[in-house]
Amino acid sequence: MNDWAAPLIAAALFAFLSPGLVVQMPGNNRPIDFMNMKTNIASIFLHAVLYGLFLILFLVVLHAHLFV
């Protein structure tokens with residue numbers, strides 16, 4: 001059996017936390033922009049930090065597993 005939780009969680013977080021796709025923090029003109037498909041360096045850095053923190057939360061703290 002293989003544990004598929006890590007790649008599935010990482011791929012889903014990567015898709016949802018892409019700057020400008022669903023939400024962009026900080027936005028260009030506002031603190032939070034929704035679905036504007038634009039990005040900047042501050043937004044890329046903040047989304048990368050959130051991505052890492054969510055991965056740590058799901059994989060290390062919550063011990064998420066999906067065996068197939």
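Let's start at glutamine 24, which sits in strand β1 (residues 23–24); strands here are DSSP runs of E, at least two residues, and helices are runs of H or I, at least four, numbered from the N terminus. This is a predicted model, where local features need pLDDT of at least 70 and side-chain atom pairs count only at pLDDT 80 or more, while totals for chains, interfaces and linings use all residues. Residues are numbered from 1 along each chain as its sequence is written, and side-chain values use heavy atoms, leaving out hydrogens and water.

Glutamine 24 has a relative accessible area of 0%, so it counts as buried (under 20%; exposed is over 50%, partly exposed in between, with a 1.4 Å probe and protein chains only). Beyond its neighbours within four places in sequence, its contacts include Pro31, Asn36, Ser43 and His47 (contact means heavy atoms within 4.5 Å).

Ser43 and His47 lead us to helix α2, where they are buried along with Leu55. Down the axis of α2, the buried residues fall within an arc of 100°, so they line one face of the helix; the arc is that of the directions from the helix axis to the C-beta atoms. That buried set packs against α1 (5–16) and β1. Over on the other side of α2, Ile41, Phe45, Leu53, Val60 and Val61 are exposed.

How far apart are the end C-alpha atoms of α2? They are 29 Å apart, which agrees with the 30 Å that its 21 residues (41–61) should span at 1.5 Å a residue; the expected span is 1.5 Å times one less than the number of residues. After α2 comes histidine 63, with a positive phi near 50°.
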